[in-house]
Amino acid sequence: MSVILTTYQGAILGPIARLLGIILETLYKILSHIGIENTGICIIIFTFLVNALMLPMQIKQQKFSKMSAIMNPELMAIQKKYQGKTDQASQQKMSLETQAVYQKYGVSPASGCLPMLITFPILLALYRVIYNIPAYVQPVYDIYEALADKLQAAGATVEQLSKMVSTQTYVINDAVRAAKESDSLTYFIDVLGQFNTTAWGSLADKYPQLQSIISEVTSKANHINSFLGLNIANTPKFLSVSVLIPIISVITQIASMKISMAGAPQSDNDNNPAAASMKMMNNVMPIMSGVMCFMFPIGVGLYWIAGNIFRIFQSLGINIYFSKMDMEAEMAKNVEKNNKKLEKLGIDPNTMKEVANKRTSNINVNRNSNGTMADKVNAANSKNSVNYKRKNGGKYKEGSIAAYANMLSNDDYDK
């Protein structure tokens, strides 16, 4: 029987979740062939595997962060220059001058957002799969199928089963709503897949005539959900060894953030509200994850811990990789690539370069004794810069890059 009916059906996350489900099911079957039928181990390996597939995008994101550290003094100077100016002309000039800085370094603002836009839906879809494994892994679905059939024949409803589970997850709530319109067996299995130790006990008491099959399914479910002596379907308890799950989740997330921030650009502006917000979020998020671990099954906490551990080693590797990278050479490559793109569009790269140099050469940035990389770029660009003036009577197509370049280069527009 296909389990596609209870996989997540969202327009964006749905296809991603189903693709990840295929990966998870394949991994589970491979482990089963070597005698390992354990969802805890499967979750860990699966989390590592999916995060590894996203590694190239993480490297690209980190590279943009490194380049941002070089550009930020100039970008912040532009923001300061137009601070308090809300008229349309000033806002347009601020936007164009910001674009000029990106142009000078050959960096696209979208390159910093794109990796995040790609990885974020994947991580959300990954959570959907982890939270409802029976819907994506046929061998796990099969464990509950015979019992679900017996319960349905005995007159049990999905809603009645849902009340035996203390934590009303979105999987259970969705199954209860869907079961009101359909008597599909899959909705029973959705709920049974969320059963913890207490729920199995309640089910056995409620249906003593099904004691034999309930005991058999309970044993199989406990077998695949057992990890280091813990049942990953249960929620952590304070007076139990399971309390280590929230604790380890907090510790690994703090370590992950610290190591990641060690390789990220640090803001020199103490009054930067964005930096202050980020700092507060980094302090609050680990605590929040620890609290949330008590609200979800141990399997979800295990998924978070596995992701944190992977990101710790990922950040260490990326930091080492970038510590050996010549960022000036990378900037030069970016500029060259950007110039080729402009040439294909019929735009003279020198025009935009001259404007960028002119508009950013007088921006004051903090300098150390050796000079920052941004200073070196400014010095090199300023040395070769020439004045760019509008020809008498010349006209530019409205909205064209050349028109914007002329606007920025013309001193008549300065305030």
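Okay, let's start with a pair: glutamate 216 forms a salt bridge with lysine 220, and their closest N and O atoms are 3.4 Å apart. By salt bridge I mean a side-chain nitrogen of Lys or Arg within 4 Å of a carboxyl oxygen of Asp or Glu. This is a predicted model, so local features need pLDDT of at least 70 and side-chain atom pairs count only at pLDDT 80 or more, while totals for chains, interfaces and linings use all residues. Residues are numbered from 1 along each chain as its sequence is written, and side-chain values use heavy atoms, with hydrogens and water left out.

Back to the pair. Glutamate 216 and lysine 220 sit four residues apart in helix H11, so about one helical turn separates them. Helices here are DSSP runs (H or I, at least four residues), numbered from the N terminus. Glutamate 216 is partly exposed at 42% relative accessible area, and lysine 220 is partly exposed too, at 40%. For those words, buried is under 20% relative accessible area, exposed is over 50%, and partly exposed is in between (1.4 Å probe, protein chains only).

How many salt bridges does this rule give? The count is four. Another one joins glutamate 25 and lysine 29, at 4.0 Å from N to O. Both are in helix H1 (residues 13-33), four residues apart. Is glutamate 25 buried or exposed? Glutamate 25 counts as buried, because its relative accessibility is 18%. Lysine 29, at 38%, counts as partly exposed.

Now the inside. The largest nonpolar core has 69 residues, and Leu192, Phe195, Trp200 and Leu203 touch the most other members. A core here is a set of buried Ala, Val, Leu, Ile, Met, Phe, Trp, Tyr and Cys residues joined through side-chain atoms within 4.5 Å. There's also a second, separate core of twelve residues, including Met67, Met71, Tyr82 and Val107.

Methionine 292 belongs to helix H13 (residues 273-293).

Last, confidence. The average pLDDT (the predictor's confidence in each residue, from 0 to 100) is 78 for the protein, and 75% of the residues score at least 70.

Notes:
Helices (H or I, at least four residues) and strands (E, at least two) are DSSP runs, numbered from the N terminus.
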